[in-house]
Amino acid sequence: MKFIVAAPELLEHLSKVSGAIVSKPVLPILDNFLFDIKSGTLTISTTDLETSMSTSLQVESKDDILVAIPSRLLIDTVKMLNDQPITFTVNEETYGIELGTANGRYKLAGQSGADFPKVPEIESESAFSMPSNVLLRCISKTLFATGNDDLRLNLTGVYVELYNDSLNFVATDANRLVKLTRHDIKPGMEHTFILPKKALNLLKSSLSNDVTPIQIDFNKSNVFFTSNNLKLSCRLIDEKYPDYKAVIPQDNNNIVGINRIDFLETVKRVANFSNKTTHQIRIKITGNELAASAEDIELANEANEKRACEYDGEDIEIGFNSRFLLELLSNVDHDSVKLKLSTPNRAGLLVPAENEADEEVVMLVMPMMLNNY
C-alpha cells in the first residue's frame, strides 16, 4: 500500500497534532501518529486518552490505509527532508513502513492502526461557535492565572460560564484571579464547565488569529473544538469550581489611575530587591504619588521608587506578591490601568482604564501581610 505527500505539508500537519503526545504514555502505542487514509484523505490523529487531536490533508493514494507510525522518528525525519515529495510504502502484514525520496530510503517499524485507541467522535448535547481570534484571546488572557496544584484540580483549568447573550472565562490559583467577559458571543444557553490546561495550551498554539469560526460541542464529560481540518477533544475536569464571585470585592473605593508601562517597569525594578522567597512588594499611595518599595533584610538589599498617579481615596499601604502583580500588568492591553483598593487586608482589583469593545476584564490579586521596617 502506498501514498505520496509533500514533506512541508505533512510536517505542518504533524506539528499541529504532536502536542497531544506525552513523553511517557500509559500505552506504548500512544507514542505514535495514527494515519488513516480513506478516498485520498489522510487523517492524522494523536491522543493521551484525555486529550485527542486530529487533522486532515489530501494525499495521492489508491488504497485505504490504517497504520500507527512512531511519532518522534517520523517528525524528525520529515523535518530534514526539505521541500520534496515522500512516498510511503506500508507492508500490510508487518506494518513496516518505508519512506522514499529522490535521494534516499528510510525504514521504520509501524503498528496496526486497529490497536490505536479510538479517537472520540463528537457526541454533542449542546453547541455554539465563536471566532478563532476571540477564543484565542479568551484563553491567552486567563490561562496564565490557573493553578498547578493537583490536590486542587478544579483550579488547574479555566472555568467557562455560558449565558444566553454572553460568556465568561475565569481562572484562579487562589492568589490571583482573572475574569474575562465577552458580550459579542451569544451561546444561547446557560451552562458551565472546566477546561483542562493541556487542551487550552494546545488550542492556544493551534488557533489562528482571525475570524475563522470555531465550533464548540460539549456534553457532560467532553468538549470538542472543530475548525476547518483541525479537531481537538478533551475530557472536562469533573470538579466543582469555587464561588469566585464571592471573593471579588464590590466596594474597593480607593482608586489609583496610573500608566501601565510605568507601573510595570517600577514593579520590575523594585521587585528585584525583594525577598526571593516571599517576593513581597509594598505599595504606598499618598495624595497623587504611588511609592513602591521592597527589601531583603537578610541580604541588606532595598529599593524605593515613586510614580505620579491619579488617586481618589484615603492614604493606604498594602503588600503584594510582585510576581502576581507583574503577570497581571503584563496581560493588560490598555496603556493605563486602575488599581482599586479597600483595606490592606482585602484583595485589590486591577482593571484596564478602558475595556476593549464587547469585553470586560477584571483581575484580582490577594494582599500580603506587611512587616514594618
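Contact here means heavy atoms within 4.5 Å. You're looking at a predicted model, where local features need pLDDT of at least 70, side-chain atom pairs count only at pLDDT 80 or more, and totals for chains, interfaces and linings use all residues. Residues are numbered from 1 along each chain as its sequence is written, and side-chain values use heavy atoms, with hydrogens and water left out.

**Exercise 1.** Find what Phe-88 touches, leaving aside its neighbours within four places in sequence.

*Solution.* Start with the partners of Phe-88: among them are Met-1, Phe-3, Leu-10, Phe-35, Ile-69 and Leu-99. Next, zoom out to the largest nonpolar core, which has 96 residues, with Phe-35 and Phe-88 making the most contacts inside it. (Such a core is a set of buried Ala, Val, Leu, Ile, Met, Phe, Trp, Tyr and Cys residues joined through side-chain atoms within 4.5 Å; buried means under 20% relative accessible area, exposed over 50% and partly exposed in between, with a 1.4 Å probe and protein chains only.) Apart from that core lies another, of twelve residues, including Leu-155 and Tyr-241.

**Exercise 2.** Is Leu-155 buried or exposed?

*Solution.* First locate Leu-155 in the loop between α3 and β11. (Helices, H or I with at least four residues, and strands, E with at least two, are DSSP runs numbered from the N terminus.) Then check its relative accessible area: 4%, so Leu-155 is buried.

**Exercise 3.** Which residues of helix α4 (residues 197-206) are buried, and why do they line one face?

*Solution.* Pick out Ala-199, Leu-200, Leu-202 and Leu-203, which are buried. Now look down the axis of α4: these buried residues fall within an arc of 160°, so they line one face of the helix. (The arc is that of the directions from the helix axis to the C-beta atoms.) Last, see what covers them: β4 (51-58), α3 (132-140) and β14 (191-195) are among the elements that do.

**Exercise 4.** Where does Ser-39 lie, and where is Asn-228?

*Solution.* Trace the chain to the loop between β2 and β3 for Ser-39, and to the loop between β16 and β17 for Asn-228. Then check accessibility: Ser-39 is exposed at 70%, and Asn-228 counts as exposed at 68%. Now the backbone: phi is near 50° in Ser-39, a positive value in a residue other than glycine, and phi of Asn-228 is near 50° too. For background, most residues other than glycine have a negative phi.
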